[in-house]
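Keep the viewer open as you read.

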Amino acid sequence: ASAIRTVQRAQEPGADPDEIRSEIEAEVRAERERSLASGHGRLSRFAKDGWTFVKETGAHAEPLWGTRDKTVWAPGESLMIVGAPGVGKTTLAHQVVFARLGLSETVLEMPVAPSRRVLYLAMDRPKQIAKAMARRVFDTDEKILRERLVVWEGPLPASLDKEPDLLADLAAAHRADTIVIDSLKDAVSTMVDDGLAVAFHNARNRALRGGVEILELHHQRKATADAPRGQRPSLDQVYGSTWYVSGAGSVLFVTGKAGDPAVTLHHLKTPTGEIG
């Protein structure tokens with residue numbers, strides 16, 4: 001309103017152009033200061049002093065899965081389970097999910113911390129995911145599964161690399177503190193574009209920053225499936241852009257053949273010590 005009055009004054013007979021110019025510049029400075037002041041809370045909300053960052057951001061919190069010395073899944077960092085189709089990564093993920101729901105206390109003889117509510121994004125063959133879950137569900141589990149497990153069936157309304165707020169919004173909409181992405185290839189536009197991989201990592205970080213824990217299921221490069229049994233894989237054998245694994249806190253790689261009664265688990269990226 002004051003800017004409009006200044007412009008009206010400039011149109012009056014005998015108005016001093018220099019004086020009007022000074023008033024306009026003053027209005028511009030004042031508006032800039034008001035904008036900065038109103039945005040200050042938004043810009044500083046996630047900033048903290050160095051001591052608080054080092055001591056109070058959960059760097060020494062108990063792991064979600066594992067121990068302090070051998071952590072599989074650290075709070076505030078995503079866990080990625082990689083493997084060929086049928087090798088057991090979904091089975092392992094379901095064991096962890098049910099432990100998070102309180103239906104068991106350990107997975108692979110390592111403790112699992114409880115979760116308030118899990119949102120499972122069943123995008124990759126949801127009927128097979130349901131069949132795999134059904135093998136370990138009993139009638140006595142009905143109340144827990146109804147109240148604390150939510151399953152999204154099929155594709156998301158948008159890919160996570162195009163809508164970086166979607167993952168956090170889904171968690172908030174379903175009151176979930178844990179999200180399982182099954183699988184990663186179904187949540188993004190393409191796996192090989194570095195720029196889109198970074199965009200997904202932003203979506204991942206926004207959810208983590210909001211207190212949502214993330215478990216991701218992902219595939220390996222095809223050639224890795226034919227590697228000799230027992231050969232240790234490497235992170236560059238994970239399918240897609242390197243930025244997917246670079247942004248993950250922990251990476252488990254399951255090797256073997258589909259349907260094998262015994263497979264090998266490799267801990268390729270570790271928050272603390274390797275679990276073996």
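A residue counts as buried when its relative accessible area is under 20%, as exposed when over 50%, and as partly exposed in between. Keep in mind that this is a predicted model. With those cut-offs in hand, Glu 274 is partly exposed, because its relative accessible area is 41%.

Glu 274 has a partner: Arg 232 forms a salt bridge with it, and the closest N and O atoms are 3.4 Å apart. The pair links distant parts of the chain, since Arg 232 sits in the loop between β9 and α9 (242–246), while Glu 274 belongs to the segment after β11 (264–269), 42 residues away. Arg 232, at 43% relative accessibility, is also partly exposed.

Side chains of opposite charge can pair when their charged atoms come close. How many salt bridges does the structure hold? There are ten. Another of them joins the side chains of Asp 165 and Arg 206, at 2.8 Å from N to O. Asp 165 lies in the loop between β7 (149–153) and α7 (166–173) and Arg 206 in helix α8 (residues 194–209), so this pair ties together parts that are 41 residues apart in sequence. Asp 165 has 40% relative accessibility and is partly exposed; Arg 206, at 33%, is partly exposed as well.

Now look at Glu 216 and Arg 204, whose side chains meet in a salt bridge of 2.8 Å, N to O. Here strand β9 (residues 213–218) provides Glu 216 and helix α8 provides Arg 204, twelve residues apart. Are these two buried or exposed? Glu 216 is buried, with a relative accessible area of 0%, and Arg 204 is buried with a value of 0% too.

From here, turn to the nonpolar interior. In soluble globular proteins, nonpolar side chains tend to be buried together. The largest nonpolar core in this model has 33 residues, and those with the most contacts inside it include Met 80, Leu 121, Ile 179 and Tyr 244. Several elements each supply at least two residues of this core, among them β3 (79–83), β6 (118–122), α7 and β8 (178–182). Helix α8 gives the most, with five residues.

Setting aside neighbours within four places in sequence, Leu 121 is in contact with residues including Trp 152, Leu 156, Leu 167 and Ile 181. Apart from this core lies another, of 30 residues, which includes Trp 73, Leu 79, Val 97 and Val 118.

Notes:
Residues are numbered from 1 along each chain as its sequence is written. This is a predicted model: local features need pLDDT of at least 70, side-chain atom pairs count only at pLDDT 80 or more; totals for chains, interfaces and linings use all residues. Side-chain values use heavy atoms; hydrogens and water are left out. A salt bridge is a side-chain nitrogen of Lys or Arg within 4 Å of a carboxyl oxygen of Asp or Glu. Helices (H or I, at least four residues) and strands (E, at least two) are DSSP runs, numbered from the N terminus. Buried means under 20% relative accessible area, exposed over 50%, partly exposed in between (1.4 Å probe, protein chains only). A nonpolar core is a set of buried Ala, Val, Leu, Ile, Met, Phe, Trp, Tyr and Cys residues joined through side-chain atoms within 4.5 Å. Contact means heavy atoms within 4.5 Å.
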